[in-house]
Amino acid sequence: MAAVFANKSFTINDWRVDPELNRLSRAAEVVKIDPQNMKVLELLASRPGEVISQSEIEQIAWPGVIVTPNSVYQSIAQLRRALGDDRSQPRYIETI
């Protein structure tokens, strides 16, 4: 998965994403995120508008590791908090 962006910075709307630094920033706001959550964010950002299954997220973000569905739910919740996203009116991450 890391090869998708090859640790290069990219943007999601008004956010700048720096995978190497595990950091999101916009204007003067800087938010550090967990490296595992960065993998999930990179995956989602690499396929905008596509539906990505929970099992695919597990396989790509946690390769070779057995995780529970809660791992994906928690990662998505933490990313929403970091981005200031609202589950009921999502701007960045929509779950189906």
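The model is predicted, so to speak of local features pLDDT must be at least 70, and side-chain atom pairs count only at pLDDT 80 or more, while totals for chains, interfaces and linings use all residues. Residues are numbered from 1 along each chain as its sequence is written, and side-chain values use heavy atoms, with hydrogens and water left out.

Start with the sheet. Four strands form an open sheet in the order β1-β2-β3-β4, with antiparallel pairing. Strands (E, at least two residues) and helices (H or I, at least four residues) are DSSP runs, numbered from the N terminus. Two strands pair if DSSP finds at least two bridges between them. At the edges stand β1 (10–12) and β4 (29–32). Each has a single partner strand, so one side of each is left without a neighbour in the sheet. From one strand to the next, the twist averages 25 degrees.

Now follow the strands in order. Three bridges join β1 to β2 (residues 15–18) in the antiparallel sense. Ile12 has Trp15 in β2 as its bridge partner. Thr11 has Arg16 in β2. These two strands form a hairpin with two residues between them. In its turn, Asn13 has a positive phi of about 50 degrees.

Next comes the step from β2 to β3. The two run antiparallel and are joined by three bridges. Here Val17 stands opposite Leu24 in β3. The hairpin of β2 and β3 has four residues between the strands, and Asn22 takes a positive phi near 50 degrees.

The last pair is β3 and β4. They are antiparallel and share four bridges. Arg23 has Lys32 in β4 as its bridge partner. Two residues lie between the strands of this hairpin, where Ala27 takes a positive phi near 50 degrees.

Turn to the helices. α1 lies across β1, β2 and β3 (23–26). It runs at about 80 degrees to β1. Axes here are lines fitted to C-alpha atoms, for helices over the stretch in contact, and angles run from 0 to 180 degrees between N-to-C directions.

How do α2 and α3 cross? Their axes come within 10 Å and cross at roughly 85 degrees. That makes α2 roughly perpendicular to α3, a term for angles of 65 to 115 degrees. Gln54, Ile57 and Glu58 in α2 meet Pro69, Val72 and Tyr73 in α3. Contact means heavy atoms within 4.5 Å. By class, this contact has four nonpolar, one polar and one charged residues.

The largest pocket has a volume of about 860 Å³. On a 1 Å grid over the protein atoms alone, a pocket is an open set of points with protein on both sides within 12 Å along at least five of seven lines, and lining residues have an atom within 4 Å of a point. Its volume is the space filled by probe spheres set on the points. Of the 28 residues that line the largest pocket, Leu44, Ile76, Ile93, Glu94 and Thr95 are the closest to its centre. The elements that give two or more residues to this lining are α1 (35–46), α2 (54–61) and α3 (69–83). α3 gives the most, with six residues. The lining divides into 17 nonpolar, five polar and six charged residues. Asp, Glu, Lys and Arg count as charged; Ala, Val, Leu, Ile, Met, Phe, Trp, Tyr, Cys and Pro as nonpolar; and the others, Gly among them, as polar.

Conventions: 1 Å grid on protein atoms, 1.4 Å probe; cavity = no way out; pocket = protein on both sides within 12 Å on 5 of 7 lines; lining within 4 Å. Parallel < 35°, antiparallel > 145°, perpendicular 65-115°, else oblique.
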